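Reader: I have a model open on my screen and would like to learn how to read it. Could you walk me through the features, one at a time?

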Amino acid sequence: MATNDKRRGNARRPLPAGEQFFTPGATGLRKAVEERSATPMTFLFTQVPKWAAPAVLVVLLLTGFAVDNWLGGVAVLPALGFVGWLAYLSWPSLGLGGRLLRVVMLAFLLVLAADRFGVF
């Protein structure tokens, strides 16, 4: 049966050794966020074409760069939320460089949104 599944493309790929979807020993807010994120992440990675999420983010960011008023800020907010959500979920498994990159990216998006809303 397993060989039939492999031929049809239905074989489940196991996680690489040592990697888990949930943070081991997580409690409180992290556990709640990870559990609530399971459904959207499963939908995003299984039901939506692989190119859709990056394409939508690029369109939102380009709109945020091009439109120099509050509409540009509104376009940046979903990208800021998505990047922040992924940064929070991946934080425990990152090294210093990865954490720094995510903080810089979030700060850049926050400054861009604030600029478009007229804070500066």
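This is a predicted model: local features need pLDDT of at least 70, side-chain atom pairs count only at pLDDT 80 or more; totals for chains, interfaces and linings use all residues.

Reader: Which residues of α2 and α4 make the contact?

Author: On the α2 side, look for L29, R30, V33, E34, S37, P40, M41 and L44. On the α4 side they are F82, W85, Y88 and L89. Sorted by class, the contact of α2 with α4 has nine nonpolar residues, one polar and two charged.

Reader: Thanks! Could we step back to the whole fold? How many helices and strands does the chain have?

Author: There are five helices and zero strands. Followed along the sequence, the pattern is α-α-α-α-α. Of the 120 residues in the chain, 22% are buried. For contacts with a separation of 6 or more, 56% come from residues 24 or more positions apart.

Reader: Now back to packing. At what angle do α3 and α4 pack?

Author: Their angle is about 140 degrees, and the axes are 7 Å apart. An angle has to be over 145 degrees to count as roughly antiparallel, so α3 is oblique to α4. The crossing of α3 and α4 is left-handed. To find the contact, select L57, L60, L61, T63 and G64 in α3, which meet G72, A75, V76, P78, A79 and F82 in α4. By class, that contact has eight nonpolar and three polar residues, with no charged ones.

Reader: And how does α4 pack with α5?

Author: The angle between α4 and α5 is about 160 degrees, with the axes 8 Å apart. That makes α4 roughly antiparallel to α5, and the crossing is left-handed. The α4 residues in this contact are W70, G72, G73, V76, L77, A79, L80, V83, G84, A87 and S90. They meet R102, M105, L106, L109, L110, L112, A113 and R116 in α5. The residues of the contact divide into 13 nonpolar, four polar and two charged.

Reader: I always look for aromatic rings. How should I read a pair of them?

Author: The general idea is to take the distance of the ring centres and the angle of the planes. A search of the whole structure finds two aromatic pairs. One of them is formed by F65 and F108, with 6.0 Å centre to centre and 45 degrees between the planes, a tilted arrangement.

Reader: Where in the chain do F65 and F108 sit?

Author: F65 is in helix α3 (residues 52-66) and F108 in helix α5 (residues 96-116). They are 43 residues apart, and the pair links distant parts of the chain. F65 counts as partly exposed because its relative accessibility is 41%. F108 is partly exposed too, with a relative accessible area of 41%.

Reader: What about F82 and W85: how far apart are their ring centres?

Author: The centres of F82 and W85 are 5.7 Å apart and the planes are at 55 degrees, so this pair is tilted. F82 and W85 are three residues apart in helix α4, which means about one helical turn separates them. W85 has a relative accessible area of 21%, so this residue is partly exposed.

Technical notes: Residues are numbered from 1 along each chain as its sequence is written. Side-chain values use heavy atoms; hydrogens and water are left out. Contact means heavy atoms within 4.5 Å. Helices (H or I, at least four residues) and strands (E, at least two) are DSSP runs, numbered from the N terminus. Ala, Val, Leu, Ile, Met, Phe, Trp, Tyr, Cys and Pro count as nonpolar, Asp, Glu, Lys and Arg as charged, and the others, Gly among them, as polar. Rings of Phe, Tyr and Trp (its six-membered ring) pair if their centres lie within 6.5 Å; planes under 30 degrees apart count as stacked, over 60 as edge-to-face and the rest as tilted. Buried means under 20% relative accessible area, exposed over 50%, partly exposed in between (1.4 Å probe, protein chains only). Axes are lines fitted to C-alpha atoms, for helices over the stretch in contact, and angles run from 0 to 180 degrees between N-to-C directions. Angles under 35 degrees count as roughly parallel, over 145 as roughly antiparallel, 65 to 115 as roughly perpendicular and the rest as oblique. A crossing is left-handed if the near helix is turned anticlockwise from the far one by less than a right angle, and right-handed if clockwise.
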